[in-house]
Amino acid sequence: MTADTGRDDSRRLALPGAVFLLSGFLLLALKDFYWLTFAMAALVPLVFYLASVALPRFIRADRLILCLVNFLCALGVLALYRMNPERGISQAVNYFFGLVGMVLCLMLVRYWHRVKWMVPLIALGALLLMALPVFFGTERNGAKAWVSLLGVSFQPSEIVKVALLLVLSSLLARRRMMPALLFSGGCLALLMLQKDLGTALLYYGITLLMVFAATSSVVLLALGAVGAAAGAVAGYGMFSHVRRRVAIWRNPWLDYQDSGYQIVQSLVAMANGGLWGTGLGLGNAGVIPEVETDFIFSALFNEFGVLFGICVIAVYLFIFLRGVGIALRSHSKFHTLLALGCSCLVAMQTFVIIGGNIKLIPLTGVTLPFISYGGTSLVSSLSIMGLLQGVANVNQQDILEDQLIAMVGEEGA
Amino acid sequence: MTESQWRRVTAAGGARAIIRASPKGGKHLQAPAYELLSMGLRYWFVLLAVFLLWRAYRLMRKDRRDYRRTLRQLPDAGLVGEVVDLRENRGIPLPREGMMGSSRSCDVRVPGLKRREMEFTFRPGRGVRLIPVHRRHGASLDGEALRAGDAFALHGTVLEIRDQSFRFRLFAGLDLPERVPPPPPPLPQAEFPGEAWGSDLLPDIPPPLPPAETGADPMERTWQYAPLPELAQEWPEEAEPAHPFRRRRRAREEERDDG
């Protein structure tokens with residue numbers, strides 16, 4: 001495939017996304033005639049288009065994933081700007097930092113052979129970072145997962161996700177099961193101390209999947225599933241907020257004015273949206289508590305409708321399938337595990353939060369990747385996509401070299 | 001007034017009618033007009049999202065097609081050789097790393113073996129490292145019991161697992177060092193001159209290997225000089241491939257295999 005064809009494909013893919021964002025911001029600008037909204041209407045689609053079309057010219061990245069991820073991020077900026085302009089602008093700044101993180105992670109995978117000696121240091125640093133909230137953390141929504149440093153508040157467990165994927169892939173590729181399990185177990189213990197059960201669920205699930213992918217051992221998978229069931233029962237017995245969330249999940253209408261208020265409002269907002277939505281700027285999802293973080297999907301559902309919600313889920317599905325495809329095309333175990341881990345982590349997180357929003361599973365406090373408000377979450381999610389892009393980059397390089405070798409061989413013959 | 005002027009005035013009047021001064025002093029679109037516009041654009045947004053997905057689906061399909069075409073053009077991409085099942089006399093492509101066994105998920109699938117029999121990893125310059133999954137594997141390499149950890153199969157190595165035999169044929173062995181011809185064994189001392197030259201007295205010495213052809217393709221040389229397993233242990237591990245592409249690739253493979 002020539003470079004020009006690739007660029008044309010990127011343009012064709014990015015164009016509907018850019019038009020979508022331009023239309024959305026222009027519509028919001030017509031509502032208030034505020035200069036900042038007009039500026040956003042010009043800037044956000046432009047940044048989206050450049051990040052999707054121009055960026056792959058400088059870094060050999062997977063165009064499809066890049067474009068879809070950029071679209072979700074820009075959609076998040078649009079949804080947040082509509083609800084709270086300050087947060088929308090803040091999210092746009094986070095998006096920029098996330099893009100920088102993505103490029104850095106891509107480079108990290110590309111030159112992993114030069115820094116792989118740092119795996120023990122990365123593991124140690126990750127555990128120390130994860131221990132910070134236990135001692136210096138601030139509690140929000142029942143979880144003590146936040147740390148404020150020099151006026152900047154961040155969630156270490158989001159950053160450690162990147163380290164978890166790198167460390168697990170590196171150790172499991174070398175058949176070092178015990179260090180991998182010890183590292184993961186340490187992270188889980190610290191998460192339990194922070195009472196951040198949603199993130200702990202993700203860490204546990206991703207470790208189980210990667211161990212299964214590395215060993216193909218059904219016994220280990222079964223043991224892990226039994227462990228998860230035992231952990232869920234123990235968590236239900238130990239933590240009162242877990243019991244409350246399960247009760248809300250079973251019937252939110254029993255206490256719809258207090259503990260069930262959030263989920264009831266979410267369900268009402270989604271039902272109000274209907275098939276086509278209420279229209280951008282006409283919804284009433286603002287009444288849902290934590291709508292900008294945990295319930296952003298309900299807000300999208302409310303204003304854009306069920307059909308659009310299904311499209312958003314399909315975008316996540318495409319990213320997951322593409323990630324698995326990258327993993328299968330990879331020639332080394334490290335890269336296969338890394339790509340699989342990245343795609344599964346994003347897919348699992350999406351399932352957990354969307355499932356919670358639509359009352360399919362009990363609600364857990366994780367963010368919707370790329371869309372929810374949160375600097376650490378967005379930078380972390382984009383960095384994970386950077387790791388995936390790095391594997392895609394290595395695969396493309398392998399293919400190019402195979403072609404070159406074949407060409408040289410033919411010339412030699 | 002011409003028709004075009006009339007249209008301009010009407011449009012301006014219409015715009016003035018729907019854009020009113022807001023209480024803050026700025027302007028805003030009147031609520032009914034905005035509602036109408038927003039509700040109309042709902043379909044536009046869904047259409048664009050579906051269009052984006054359609055484009056993404058098309059790109060995925062195209063990319064898969066291109067990838068398959070590339071693989072057809074490069075049938076050896078990602079492979080390091082083949083394993084020949086000596087019982088059935090058929091070759092099975094050997095990827096760089098994977099699992100050997102009878103399970104459908106195995107990279108080298110051989111009916112008759114255990115579901116997961118042996119893990120293998122190609123190490124440039126050393127051969128294919130074999131790691132048995134089970135403790136009681138009953139495998140041997142060139143007649144010697146296979147020891148986990150330092151079992152490397154080279155080109156020509158015969159692997160026996162219980163009653164099945166396999167021979168490794170490696171074409172990625174181009175990264176292996178060229179075989180150094182062993183020094184010929186000393187001739188037996190002749191009791192009297194001329195006796196040693198008699199053909200009936202000569203020991204059964206294997207013919208010496210021909211010298212390497214300069215300029216020949218390294219892959220050809222590897223096939224020609226299939227290294228013997230016992231000699232391989234003494235060879236230098238680092239051998240610089242001739243072509244820069246191969247040098248670069250080998251460095252990357254080594255780095256990747258280590259970590």
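How many bridges join E1(A) to strand E2 (residues 143–149) of chain A, and in which sense do the two strands run? Two bridges join E1(A) to E2(A), and the strands run antiparallel. The legends below describe close-up views of a predicted model.

**View 1. The sheet of chain A is an open one of three strands.** The strand order is E1-E2-E3, and the pairing is antiparallel. Strand E1 (138–140) and strand E3 (152–154) of chain A are the edge strands, each pairing on one side only. Direction ignored, neighbouring strands of this sheet are turned by 40 degrees against each other on average. Strands of a sheet pair through backbone hydrogen bonds, either parallel or antiparallel.

**View 2. Chain A as a whole is built from 15 helices and three strands.** Along the principal axes, its C-alpha atoms fill a box of roughly 75 × 50 × 40 Å. The radius of gyration of chain A is 22 Å, which agrees with the value near 22 Å for a compact globule because that is what the rule gives for 413 residues. Of these 413 residues, 52% count as buried. Among contacts in chain A between residues at least 6 apart in sequence, 69% join residues at least 24 apart.

**View 3. The largest nonpolar core contains 127 residues.** The members that touch the most other members are Leu68(A), Val69(A), Leu165(A), Leu387(A) and Leu388(A). Helix H3 (residues 63–83) of chain A gives the most to this core, with 16 residues.

**View 4. The surroundings of Leu165(A) in the core.** Neighbours within four places in sequence are left aside here. Leu165(A) is then in contact with Leu338(A), Gly341(A), Cys342(A), Leu345(A), Ile384(A) and Leu387(A). Of these contacts, Leu387(A) is itself listed with Leu165(A) among the core residues that touch the most other members.

**View 5. A hairpin in chain B is formed by E7(B) and E8(B).** Strand E7 (residues 118–123) of chain B pairs with strand E8 (residues 127–132) of chain B in the antiparallel sense, over six bridges. Phe120(B) has Leu130(B) in E8(B) as its bridge partner. Three residues lie between the strands of the hairpin, and Gly125(B) takes a positive phi near 85 degrees. E8(B) also pairs in the antiparallel sense with strand E11 (residues 152–153) of chain B, over two bridges. In that pairing, Arg129(B) has Phe152(B) as its bridge partner. In a regular strand the side chains alternate between the two faces of the sheet.

**View 6. Chain B overall has five helices and 13 strands.** Buried residues make up 23% of its 259 residues. Of the contacts in chain B with a separation of 6 or more, 41% are between residues 24 or more positions apart.

**View 7. The contact between the chains involves 42 residues of chain B and 50 residues of chain A.** On the side of chain B that touches chain A, strand E2 (27–29), helix H2 (31–73) and helix H5 (244–258) of chain B each supply at least two residues. H2(B) gives the most to this side, with 23 residues. By residue class, this side of chain B divides into 21 nonpolar, eight polar and 13 charged residues.

Technical notes
Residues numbered from 1 in each chain as written. Chains lettered and ligands numbered in written order. Predicted model: local features only at pLDDT ≥ 70, side-chain atom pairs only at ≥ 80, totals over all residues. Contact = placed C-beta atoms within 7 Å. Helix = DSSP H or I, 4+ residues; strand = E, 2+ residues; numbered from the N terminus. Nonpolar A, V, L, I, M, F, W, Y, C, P; charged D, E, K, R; others polar. Rg over C-alpha atoms; globule rule 2.2 N^0.38 Å. Buried ≥ 20, exposed ≤ 12 C-beta atoms within 10 Å, placed from the backbone. Core = buried A, V, L, I, M, F, W, Y, C linked by C-beta atoms within 7 Å. Pairing = 2+ DSSP bridges. Axes fitted to C-alpha atoms, helices over the stretch in contact; angles between N-to-C directions.
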